[in-house]
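Hi,

Here is the structure for your set-up work. My notes follow below it.

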Amino acid sequence: MLRGPMNDSQPIHAVLPGRLLVIGTGCVAQALLPLLWRHVAVPRERVALLGPDPRGASLAHRHGVAFHRCRLTPANYTAELSRHLQEGDLLVNLALGVGSLDVLGWCQAHGVIYVDSNLEPWAGQSHSLAVARAHALADRAKGQATAVIAHGANPGLVSHFLKEALERLAPQAANVPDAGRRLGLQVVQISERDDHRSIAPVALASGGGRFANTWSARGLAGELCAAAELAWGRHEPPPPAGAAAPSPHRPWALRWPTSGRVTRVRTWTPSGGECAGYLLAHHEAFSLAELLAPQDHPDDARPTVFYGVRPCPAALAGIDALPSIGPPPPDWHYSVLTNELSEGGIELGVLLLGDRVGHWYGSRLSLAEARRCAPDNNATSLQVAAGVLGALVWALENPRAGVVEAEDLDHHRVMTIARPYLGDLIGIDTPWRPPGA
């Protein structure tokens, strides 16, 4: 078990000579700002928040930074970004409903360093994550301004968890695919169990109620209502009728015929044991599948990779009222649980299953530890903020790396930044296998 300190004595790791613009003022931005100046040297007068929520002004005031109230759209984003950013600056995109590919493209064209926690479509639009990832990585030329895509907790830190786990389990391996081969690795589950509990129950009513979660409630509702996606291993039987590969160049990257809300999986975490979860489309399913595939015979050894999550009890109470597929109800009240929470926490890790391996490695972080570590956090938001912070520092240290994702980063360096905010890092063997396996 590994543990990092949670205090304000963290060393400054990077210097930002330009300006920093954070798009989004939700729970991840609220989690990130208390950590930022522990690791990055940047004057507060060169930091600004941008978003449509007027509550962003209060967040900005608490941290002594500027706030620009604006909703970015396909029609105005180029003008707005040009107003606030120039070459050498840094943009961190933490907003739901802001088109990541367009903002990324603008940053590449203008020499602005870019970091996001997920590839998002514009509000009211949808996309396949497998296809969005392929578009983002289409121009990976080094020498351009660094753009770290999809780097929060998951996607993001879980890729570094995988590398650390494989270093422990197969220390003689030549590389990541060789480690997977030595272990007979067939399945990687990104396994998450959220047991944050609130003081008062959250009431939900079908057709016009409330939906609450420990991170973006609207974001989770959108993932649940979208088609499930995963990487399909070569060892698996033929996928069900209706499963399709949106990208012809990645026939193993499948979009399921059902949404995440109705696609159930069994998963396992050290404290919670076996539980039922939901299979949601996530970037890391595809990036980890490619990382684990040997270059000489990638299709013969690629494992199945997917994200299985059991959300917090408040979110579970409202899931059945969501539509089976399609956009979540726009007239509901979506809320992030912060002060309402009284106990619990989160377990997030990689569950490695195969002929010679059954192992879970990841972060177990309690609500109490998260609150001791930094204000404005629950355990979920702190894990995401730690991943964003690690990517941000790496990008400042490597400003001309072009478009990269978690698997391209030095996992030792990123984990040096993130580790103090992850509670207990646990590696534990398990005999557990999914029923019927």
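**Fold and size**

The protein chain has 14 helices and 23 strands; these are DSSP runs, with helices being H or I of at least four residues and strands E of at least two, numbered from the N terminus. Its radius of gyration is 20 Å, close to the 22 Å from the globule rule for 437 residues, so the chain is as compact as a globular protein of that length. That radius is taken over C-alpha atoms, and the rule is 2.2 Å times the number of residues to the power 0.38. The C-alpha trace spans about 55 × 50 × 45 Å along its principal axes.

This is a predicted model: local features need pLDDT of at least 70 and side-chain atom pairs pLDDT 80 or more, while totals for chains, interfaces and linings use all residues. Numbering starts from 1 along each chain as its sequence is written, and side-chain values use heavy atoms, without hydrogens or water.

**Burial and contacts**

Of the 437 residues, 59% count as buried (under 20% relative accessible area, 1.4 Å probe, protein chains only). Take contacts (heavy atoms within 4.5 Å) between residues at least 6 apart in sequence: 76% join residues at least 24 apart.

**Cysteines**

There are 0 disulfides (cysteine sulfur pairs within 2.5 Å). C70 is buried at 13%.

Best wishes

Terms used. Buried means under 20% relative accessible area, exposed over 50%, partly exposed in between (1.4 Å probe, protein chains only).
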